[in-house]
Every structure is written in structure tokens, then in C-alpha cells.
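Please read them with the structure open.

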Amino acid sequence: MGLFLAFFATGKIAWAAEAKATTSIENASVSVEDQTWTGSPIAPDVEVTLNGQVLTANTDYSVDFSNNTDVGTAKVVVTGMGNYSGVATATFNIKKQTEEDSTDDSPDSSTQSDETLSDSTRSFSSQSTGSTSSVDSSELSIQSSTTATVDMYRLYNPNSGEHFYTKDSNERDYLVALGWTAEGVGWVAPASSSTPVYRLYNPNAGDHHYTVDWNEKEHLVSVGWRYEGIGWYSDDAHTVAVYRQYNPNAVAGAHNFTTLKAENDNLVSIGWRSEGVGWYAVAEGKSLVSNSYIYLDAGHGWSSGIYDSGASGSGYIEAQQTSELAYKVAYYARTWYGLRVFVNTDEGSSKVSYEYRQADAKQRGCTALVSIHFNWSSDGATGSESYIHSINANYRSAALQTIMHTSLVSSLGLFDRGKKSWQIAVVSGKNNGLPAVLLEICYINNSYDMSVYKLKEDKVAQALAKGLYNAAQAGY
Ligand SMILES: [Zn+2]
């Protein structure tokens, strides 16, 4: 979350800085020579020429590299500074020196030869001692030109249940083409450190395992696992913990690794075993929310061609208020947090009728449902409450209710009437329904409630959007 917001803040600063009178380097020519693979990030010399003039590194521009460790196409991003602005890009190739050095790192590979395995072991030995000159020189050049970190891509295999992690975007894309789901960046690793994380493959279960523990690695190899070399490195400064969980019921995908305590706790709550810290990252994971698709149900409104205005009071009509708030929540969820959200009023008068909204959400491929309502009382009641289904709630509804209820109560600040359950069709989880919660924001016929709500409407919308983001991070 912090990272995500920081990204936007940085974007704004960069945008403001462009208002200065500077020369754009967009049309500059950027030349980089192809490189030979070393196993470590490579930061080659870059020559930037604009209108026949060679620009000066770190005065006129800065350089960032990505995908610059493994064999494939590496990217160079040159960003103007000083008297220059804008961005220019180039690519270069990283190649193996000879064909016999090549290794097949793909996780579904079952044909890795002993020869390749011993090659992995050799590259491990040379990196751990740090004695080869090629590793030393590339590390030196990296330190002088760029922050040496690596985004670790996280992928999920919906068939085997395995999570897989790689720093190689080509490998990621290859797996996505095979049907794996990209889940964003699991964590940010240092490009190098004194603590390697060993990667192993179990040819029988088709599962990978990763460990910093030399003895665990040796043990797994002795019982038939294949050592695949160093996957990445652990941060020696222990900046961010990467939690490890074990699923005692799974064959493939027995371990999961995450920087998100919420995801760790969620898995433990459904039967996984917490195994503490697997290793350390230099920064948290990012955007593990691409699988999430929230169905935001604006309560009441159009239903089978009939307009249901819901409750009314204090000069407000419930259906108008639920629609207005749903759109605001969706706006913040999309623009601040990059979430996918469907608002059922997106379809205007053809809006699906109340009793079919669960089915509609499922049919659209949504992963959770949040229904927004305003309460009504004949006896002057005040405050916020939430509901899950009392009989048919999806087993993950209660945890979703906790996230969203807390977001509502803490942002609005009215009396907390509690987390409740009742037989409400839209939050039913029967027939494999979705995790679902209904929020009663406050009492529409209590003018005090509504005056507080109207003052804080944007704050509430932002808090609910952040709640959805937290839910998405926890796997909803
Ligand atoms: Zn209602």
C-alpha cells in the first residue's frame, strides 16, 4: 500500500518538474552493446546522443535497467535531468557465451539433464565465493549506476495450485502463455547479497521449493529433489520479512511466500501452517490484486424495470445515496489502488434485480461482493452495521466483513452497531456463492447520522476503497 501510494506521489513530482524549461530527450539516440550472461545484473555503458551532441551521464540523464540479469532482452530507461527532461529507451541482448551453458529454468520442465544440474551447481559455487572477476565487475558497475534490486514476479498455476516466483520476465511471460496467472510482484529482492535463496524442483510432485537453508537444500536433494541454482538473494539488512506458509493438504504448491502479513494470516486461518520468515526482501510486493474483481452492489435502484427507491428520510433517498457512494468507492478503488471493480448501476436501467445480483457477480467472474445500503428505523437509532448471511455465508465472508466493517466504522466515526448476520439474499453464499458483505452505512432518517455522513462522504468512500484493496491483497 505504502509503495503503491508512493508511486503515485513520485509520478506527480516528476510531472510538476517538467514545467521547467528543459530540452526533451525523447528523440535522443541511446546505444548499448549486447552483453554476455554472468548470472548477475549487468549495467553496461550507455551512450546518449541528442542532435549530434553526446550527453553526460548523471548530469544530463540517469539510467535504469530492467530485466538485465537473465538471458534475453534487457531494457534501458534513460531519464533526463538537469537541463533535460523526458525519457528515452533502448534494449540490448544478454546472451550465453556457448550453447552448453544454457539452462532450462521453466518450472514445468521435467527433462533437465544431470549435465545442466551440475552447471547450476558450478554457477552457484562461483557466486557464493564471489571470486570470479566477472561477478565483481558487474556488481561494481551496478552500484555506480542504479539501485541493485530485482522485482520478483509471482505466478499461480490454477491447475496444480502452485505459486512460482521468478526474476525473469521472459520466464513469467512464457508461463502466462501456458495458462499460469500473473499475480504481480511478490517482493523486491536485492540483486545480490551474502544470503542466496536456493531453488529446488521436485520432479515427482512438479513443485518448486525455495530456501536459504543449505542443510534443507542438501536434505531435499538427498530425497530426490533437483537443485536448480540460486533463485534470488535475501536482504542481509532484513528490511522486509517474506513469510512462509505450508499447506499440509497440498502436493504441488505446498508452500506460499508473501510479504503481506494479511495474506499470511488469511492462509493460516484456513488451515495452512505458519512457518515463520522464509527470507528477507528489500521492499514489499506490489499489486497482488490483479486477480481481484469486486462487485460493488449499490443497494436498491432499478430492478426488473421497476425503480425501487429503498428507504428515505432527512431529505435523502436511499437508492440515490447508494449509487452515489458506490461510484465514489469505485473511483478511488480504481484510480488509487488499481483495483478492478464492477458497479451494478454501470448498466443503468437494465440493472440486475436484487435477488440475482449474486449470480450476476459470479457470471461476470467477480471474486467478492460488497452491497451498500442505508438503514432506517422508527425509533431514532444511530450508527453503522454490517451483515453476512446467517445460514449460507461463504466461508470467507466473515473475514471480508471484518475488513469492510472496520473501514466503514473508523472513517465515519458513528456508533458501531456491530458485525451481524441475517438471511439476506444478496450476501448468500449457497451454490458456491461469493464472499459477500452488506454495509448499512448509517440511518437515512436520522438527520444527525446523515449530516455526519455528508461531511465525510469522500473520506468514507476512500476508506471503503482502501478496505477493498486490503481485501484484494488478502486474496478476495
Ligand atoms: Zn437498503
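1. Helix 9 passes helix 10 in a right-handed crossing; a crossing is right-handed if the near helix is turned clockwise from the far one by less than a right angle, and left-handed if anticlockwise. Helices (H or I, at least four residues) and strands (E, at least two) are DSSP runs, numbered from the N terminus. The axes of helix 9 (residues 397-412) and helix 10 (residues 447-473) come within 8 Å and cross at roughly 150°. That angle makes helix 9 roughly antiparallel to helix 10. Angles under 35 degrees count as roughly parallel, over 145 as roughly antiparallel, 65 to 115 as roughly perpendicular and the rest as oblique. Axes are lines fitted to C-alpha atoms, for helices over the stretch in contact, with angles from 0 to 180 degrees between N-to-C directions.

2. This is a predicted model, in which local features need pLDDT of at least 70 and side-chain atom pairs count only at pLDDT 80 or more, while totals for chains, interfaces and linings use all residues. Residues are numbered from 1 along each chain as its sequence is written.

3. On the helix 9 side, the residues that meet helix 10 include Leu 400, Ile 403, Met 404 and Leu 408. Their counterparts in helix 10 include Val 452, Tyr 453, Val 460 and Ala 463. Contact here requires C-beta atoms, placed from the backbone, within 7 Å. The residues of this contact of helix 9 with helix 10 divide into 11 nonpolar, 5 polar and 3 charged. Ala, Val, Leu, Ile, Met, Phe, Trp, Tyr, Cys and Pro count as nonpolar, Asp, Glu, Lys and Arg as charged, and the others, Gly among them, as polar.

4. Helix 10 also meets helix 7 (residues 318-337): the axes come within 8 Å and cross at roughly 55°. Helix 7 and helix 10 are therefore oblique to each other, and their crossing is right-handed. By class, the contact of helix 7 with helix 10 has 11 nonpolar, 1 polar and 3 charged residues.

5. Three strands form an open sheet in the order 14-13-15, with antiparallel pairing. Two strands pair if DSSP finds at least two bridges between them. Strand 14 (207-211) and strand 15 (226-234) are the edge strands, each pairing on one side only. Neighbouring strands of this sheet are turned by 25° against each other on average, direction ignored. Strand 13 (residues 195-202) is joined to strand 15 by 6 bridges, and Tyr 201 stands opposite Arg 226 in strand 15.

6. Another open sheet of 3 strands has the order 17-16-18, also with antiparallel pairing. Strand 17 (255-258) and strand 18 (273-281) each have a single partner strand, so one side of each is left without a neighbour in the sheet. Strand 16 (residues 240-246) pairs with strand 18 over 6 bridges; Val 242 has Trp 279 as its bridge partner in strand 18. Helix 6 (residues 261-269) lies across strand 16, strand 17 and strand 18, at about 15° to strand 16.

7. What does the protein chain average in pLDDT? The average is 80, and 82% of the residues score at least 70; pLDDT is the predictor's confidence in each residue, from 0 to 100. It stays under 50 over residues 1-20 and over residues 99-146. Where pLDDT is low, the predicted coordinates should not be read in detail.

Note on methods:
Two residues are in contact if their C-beta atoms, placed from the backbone, lie within 7 Å.
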